[in-house]
Amino acid sequence: MEPGRPQKKCDLVMKGGVTSGVVYPRAITQMSREYQFVSIGGTSAGAIAAAVCAAGEYARAGGKLDAFEEVDKLPGWLGALSPDHRHSHLFHLFQPQRKLAALYSVAVAGLGKSGFMKLLAVAVQALRGFPLSALLGLLPGAIVLWLVSSEPSLPAYWVGVVLALFLLVTGPTLTVGLSMLRQASLLPRNQWGICSGTTEEPKSSSPALVPWLSKYLDDLAGKPNGEPLAFGDLEARDIHLETK
C-alpha cells in the first residue's frame, strides 16, 4: 500500500442532479479519509463528480496526499461570486449559444425569486431580451391611446383608454411570445440544448463547463505541462472510471 493512502477500498456510483453535484465533492472528501476509490461511476452531474473523484485518487496514488483537500474546496468555489460580481461561478459554467442567449436569459431570470417577483423578473427580462418584438407589440396600443387622448371629449373616450391599455399588455405578450417560440424552434438543430459547454465569449473572464472542467481535472491530477488526464492513466494506477 502507498504511504498515506487508506487500506480499505470501495467502489462509488453517483446519480445525476445539479444539487447532488454540489454536495458530492465534500461527501467524496469525507469518504477518502477512510477509503481509496477503485471503481467509480456516475451519470450527468454525478459523472462530473466521478471524474473529479478519479482525478483526486490518481493524484493521491502518485503521492499528492492532500488531493482530496482540494476537492473539498470545490463547492465553495462554485458558490462564490464570479468576476462580474453578479452571479456565482456555477452560473457562468453554463453559457448559452449566442443565437439562443435571449431565450436563456428569460429562462433563468426567475432564479432565486418566488411568487410575484419571479413572474415580474421573467416578464421584464422577456421585454429586454426581445426589445424589437416588444416595441412592435406596443405600437397598436400606443396608436389607440394617442388617438383617444387627442379628443378627450369624445363619448367613447374611456372605452378607448381601456382598449389601449388592453392592447399595451396583450400586444407585447403576443409578439414577444411568438419571438420566443421562433427562437425555441432552433433547439432541435442544437441537439435540444441551449448551452454547448464551451465558452461563448472569447474575452470572457469566466470559462464555461468544458474548458473549466478539463483544466480542473488535469491540475487536480497533477499532470505536467498541460498533459490531459486520460482513462489509460487511471487504469495504470488501478482506478476504473465509467460515466454516462
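This is a predicted model: local features need pLDDT of at least 70, side-chain atom pairs count only at pLDDT 80 or more; totals for chains, interfaces and linings use all residues.
When I say that two residues are in contact, I mean that they have heavy atoms within 4.5 Å. With that in place, let me start at Q95, which, leaving aside its neighbours within four places in sequence, is in contact with C195, S196, T198, T199, E200, E201, S204, S206, P207 and A208.

Residues are numbered from 1 along each chain as its sequence is written, and side-chain values use heavy atoms, with hydrogens and water left out.

Back to Q95, then, which sits in the loop between α5 (89-92) and α6 (101-108), where helices (H or I, at least four residues) and strands (E, at least two) are DSSP runs numbered from the N terminus. Q95 counts as buried because its relative accessibility is 9%; here buried means under 20% relative accessible area, exposed over 50%, and partly exposed in between, with a 1.4 Å probe and protein chains only. A polar atom of the Q95 side chain lies 2.9 Å from the backbone oxygen of H92, and a polar atom of that side chain also lies 3.3 Å from the backbone nitrogen of E200.

Moving along to helix α6, we find L103, which is buried, since its relative accessible area is 12%. Its contacts, again leaving aside neighbours within four places in sequence, are F130, M180, Q183, A184 and I194. Of these, I194 is 91 residues from L103 in sequence, yet the two C-alpha atoms are 8.5 Å apart in space.

Helix α7, residues 115-129, holds Q125, whose side chain makes a polar contact of 3.2 Å with the side chain of S105. By polar contact I mean a pair of N or O atoms within 3.5 Å, where, within protein, one must be able to donate a hydrogen and the other to accept it, and where residues adjacent in sequence count only if both atoms are side-chain atoms. Beyond its neighbours within four places in sequence, Q125 is in contact with S105, V106 and A109.

Now to two backbone angles. Most residues other than glycine have a negative phi. Q191, however, has a phi near 55°, a positive value in a residue other than glycine, and it lies in the loop between α9 (157-184) and α10 (209-221), where Q191 is exposed, at a relative accessible area of 73%. D238 has a positive phi too, near 60°; D238 is in the loop between α11 (231-236) and β3 (240-243) and is partly exposed, with a relative accessible area of 42%.

Finally, what does the chain look like as a whole? Its secondary structure comes to 11 helices and three strands, and from the N terminus the elements run β-α-β-α-α-α-α-α-α-α-α-α-α-β. The radius of gyration of the chain, taken over C-alpha atoms, is 26 Å, whereas a compact globule of 244 residues would have one near 18 Å, by the rule of 2.2 Å times the number of residues to the power 0.38. Along the principal axes, the C-alpha atoms fill a box of roughly 95 × 30 × 30 Å. Of the 244 residues, 39% count as buried, and among contacts between residues at least 6 apart in sequence, 69% join residues at least 24 apart.
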